[in-house]
Amino acid sequence: MTAGRLTIEPTCRVEFGAGAVDDLPRFVTELGHQRALVVTDRGLQTAGIAPRVGKILHAAGIEHEIHDDISANPSTAEIDRGAARARAFGRAVVIALGGGSPLDAAKGIALLAGNPDAAAADADRLWDAADGLPVIAVPTTSGTGAETNGFGVIEDTCAKRKVYIGHPSVRPRIAVLDPELTLGLPSRVTAATGVDALVHGIESLASRGANPMSAAFARHAVTLIGQWLPVAHRDGSDLEARAQLMFGAHLAGQALTLSGLGLVHGIGHAITARTGTPHGVALAAVLEEVIAFNAPAAAAAHEQAARALGASEGDGTAATIAAVRELSGPLDVKKPLRQLGVERNLLPELARAAVADPVTRNNPRTPSETEVRELLAEVY
């Protein structure tokens, strides 16, 4: 960046550490409320995490309801249903509990609760809406960094595309990072969400919107993720690994909130919207290839990423790709597109959607549809 003006606004208050979730009632009351709507998914109900949160709130006298009608790829219809429940429940804190899907959905629900005449399909027009309900984010995976910003990525099932819903008022006031909540994650989820966090760090370094602060967050995030993701994947009960990975994912979220991301996410959104592929798996399918594509415009960023991953000196792009390959290989997360349910005749549509995705504007090298289609054919 040049010596121009730079404005950085802190993203949220962070409460980090094992057992931090036990203080949720205090956090609710500190935001001026005695009531909470917990937005989560059925998997966390079954796993006992949502009921545990409910018991913590009940014991402290916090009136609450648990809304678990959130899928792995939340749709505009789900956001509208959640908003209707939030309006019926009344003024409250929205506790976003889960991975990226419940966190993103909760922000949309909180926003629409404060805008009774709006619907999730109006996402593109909601940045000037009235304030939504206050949000506390409690991530249960180490990947999305969704606790650091006020927008969510949801699926418009009619248009078959991902849309962004958000507003400054629903940026979480408090992020509760309790690594104990991630101890039960299956290894495949640890791998996919960990790769998501890694991509956040790498893309933030190369983004057109990168600045000294986002780069600082991103470099340390990549270092932590590179060191601790393999450990957490091998032994999901290692609390130290879980804690370090969670903090790394949070720092990557801080980075992306300041810098924006790039083409890996543009393609990933297109794949997930059309096949339902888990987000991190969709990203892994094209990460190495997009790094190579960006090489002419991102050499300095790739050198930073390579150093953060502990790669030997040399060409930054080649070293980053080699380090990513070494890290992701044992995770078994990179798959060809044909194994993700992508038909070959879908490649042109995926390319169009990826180029049109707003996140792709931050990519260091502007891609054409033809270039993206060729990249997709390479990984088919």
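Two strands pair if DSSP finds at least two bridges between them. Strands here are DSSP runs (E) of at least two residues, helices are runs (H or I) of at least four, and both are numbered from the N terminus. This is a predicted model: local features need pLDDT of at least 70, side-chain atom pairs count only at pLDDT 80 or more, and totals for chains, interfaces and linings use all residues. Residues are numbered from 1 along each chain as its sequence is written, and side-chain values use heavy atoms, with hydrogens and water left out.

Start at strand S2, residues 35-39. S2 is joined to strand S3 (residues 63-67) by 5 bridges, and the two run parallel. In this pairing, Ala-36 stands opposite His-64 of S3. S2 is also joined to strand S4 (residues 93-98), by 4 bridges, again in parallel. Here Val-38 stands opposite Ile-95 of S4.

S2 is mostly covered, with 5 of its 5 residues buried. Buried means under 20% relative accessible area, exposed means over 50%, and partly exposed lies in between (1.4 Å probe, protein chains only). In a regular strand the side chains alternate between the two faces of the sheet. On S2, Arg-35, Leu-37 and Val-39 point one way. Ala-36 and Val-38 point the other way.

Now move to Thr-148. This residue sits in the loop between strand S5 (135-139) and strand S6 (151-156). Thr-148 counts as buried because its relative accessibility is 0%. Its side chain makes a polar contact with the side chain of Thr-257, at 2.8 Å. A polar contact is a pair of N or O atoms within 3.5 Å; within protein, one must be able to donate a hydrogen and the other to accept it, and residues adjacent in sequence count only if both atoms are side-chain atoms. Leaving aside residues up to four places away in sequence, Thr-148 touches Thr-11, Arg-171, His-250, Gly-253, Gln-254 and Thr-257. Contact means heavy atoms within 4.5 Å.

A cavity is a set of points on a 1 Å grid over the protein atoms alone where a 1.4 Å probe fits but cannot get out; lining residues have an atom within 4 Å of a point. The whole structure holds 3 cavities of 30 Å³ or more. Of its 14 lining residues, the closest to the centre are Ile-202, Glu-203, Ala-206, Val-290 and Asn-294. Helix H6 (187-206) and helix H10 (279-294) each give two or more residues to this lining. H10 gives the most, with 4 residues.

Key. 1 Å grid on protein atoms, 1.4 Å probe; cavity = no way out; pocket = protein on both sides within 12 Å on 5 of 7 lines; lining within 4 Å. Points joined across faces, edges and corners; volume = space filled by probe spheres on them.
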